[in-house]
Amino acid sequence: MGKQRRKWGDRKDGRRVRNTPGLQTVMAHLMPNRTDNEVYLHDVIDATELVRYLEKKNENLDYKITLFHCAITGLARMVRERPLMNRFIQGHRIYERNEISLSFVCKRRFSDSGEESLMVLVPKDTDTVNEISRKIVGDVEETRKSEHSTGGVDALLDSFAKIPRPLLMLIIRIIRWLDFWGLNPDFLTEGDPNYTTILCSNLGSIKCPAVYHHLNNYGTNSIMITIGTLHKEEMLMPDGHKEIRDVVDVGATLDERIADGFYFARSLKLIKHIFTNPELLEKPLGESSGFEYH
């Protein structure tokens, strides 16, 4: 996404959306908390063609491209083609991000005591599933070299946890005030999933179904998505017959103030289209998918 000149009222992480409909403007004041504007979406997506694509794709690779890598790529494309999904509301104003960003949690060890690490991906317009998959695999492998946080937002949170409670309460109040005005320093926001377009959780990796996860009033994140376990399920096909298909359930929580239900529904249709036409994952994100909305 090309950078635009910053104007008065813009934030360093987003451009202020001007000439918004009156309803959206008023809602940002009447219901300023993101958690008061959550809408929930659950659906089962047919992943049969995607599974076949991955089986063939992984035959000659020295690493494994997973369904989660494809989902992240598909979500990045969806946001690229559906720009209202890249908006957020903070300080009673609506903004559009300067870039697309996706975040997720990486479990360092699959055990009860295993720590979690926060990871952020900023895809480029030239990226395809190949580049995005390599980036995710590389970052996860690097993170799992240590059982404890080695830097970034994880180390920052560890430092905050050692501060005495009264002082920490004061610091948090200052941070929330800076957050309201978009003045938080970069060291507080870089690598923080609360400041990304989509926060995604791959629950399928721990054999768990998709759930609804709340949004946070802190930060700018407007979309939270969980991806469940790939499984078999009987589905009704377009011609009326029933068939056992590979499916994955998805749960999403969205800030209803960034767009309307019609826009959300069309965005979901694009995701489903990508899952049933996985060859689109080979196209750079900057190229249109050519999907026609009906």
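The structure is a predicted model, in which local features need pLDDT of at least 70 and side-chain atom pairs count only at pLDDT 80 or more, while totals for chains, interfaces and linings use all residues. Residues are numbered from 1 along each chain as its sequence is written, and side-chain values use heavy atoms, with hydrogens and water left out.

**Overall make-up**

- The protein contains 8 helices and 9 strands, where helices (H or I, at least four residues) and strands (E, at least two) are DSSP runs numbered from the N terminus.
- Of the 294 residues in the protein, 46% are buried; buried means under 20% relative accessible area, exposed means over 50%, and partly exposed lies in between, with a 1.4 Å probe and protein chains only.
- Among contacts in the protein with a separation of 6 or more, 71% join residues 24 or more positions apart, a contact being heavy atoms within 4.5 Å.
- The protein exposes about 16000 Å², and carbon and sulfur atoms supply 55% of it; accessible areas come from the Shrake-Rupley method with a 1.4 Å probe, and for residues only the protein chains shown count as cover.

**Helix α6**

- Helix α6 (residues 165-181) has 17 residues, which at 1.5 Å a residue should span 24 Å, and the 25 Å between its end C-alpha atoms agrees with this; the expected span is 1.5 Å times one less than the number of residues.
- Ile175, Leu178 and Asp179 are buried in α6, and they lie on the same side of the helix because they cover an arc of only 100° around the axis, the arc being that of the directions from the helix axis to the C-beta atoms.
- Pro166, Met169, Arg173 and Trp181 are exposed on the other side of α6.

**Helix α1**

- In helix α1 (residues 22-30), the buried residues are Gln24, Met27 and Ala28; seen down the axis of α1, they fall within an arc of 105°, so they line one face of the helix.
- The cover over the buried residues of α1 includes β3 (87-90) and β4 (93-97).

**The cavity**

- A search of the whole structure finds 1 cavity of 30 Å³ or more, where a cavity is a set of points, on a 1 Å grid over the protein atoms alone, at which a 1.4 Å probe fits but cannot get out.
- The largest cavity has a volume of about 260 Å³; a volume is the space filled by probe spheres set on the grid points, which are joined across faces, edges and corners.
- The lining of the largest cavity has 18 residues, of which Leu75, Ile225, Val250, Leu268 and Ile271 lie nearest its centre, and lining residues have an atom within 4 Å of a point.
- At least two lining residues come from each of β2 (38-46), α3 (67-81), β8 (223-236), β9 (242-255) and α8 (261-276), and α8 gives the most, with 5 residues.

**Exposed residues outside the helices**

- Asn19, in the loop between β1 (14-16) and α1, has a positive phi near 60° although the residue is other than glycine, and Asn19 is exposed with a relative accessible area of 81%.
- Lys207, in the loop between β7 (198-202) and β8, has a positive phi of about 60° without being a glycine, and at 69% relative accessibility Lys207 counts as exposed.
- Glu292 lies in the segment after α8 and is exposed, with a relative accessible area of 54%; Glu292 and Lys269 are 23 residues apart in sequence and 9.9 Å apart in space, C-alpha to C-alpha.

Conventions:
On a 1 Å grid over the protein atoms alone, a cavity is a set of points where a 1.4 Å probe fits but cannot get out, and a pocket is an open set with protein on both sides within 12 Å along at least five of seven lines; lining residues have an atom within 4 Å of a point.
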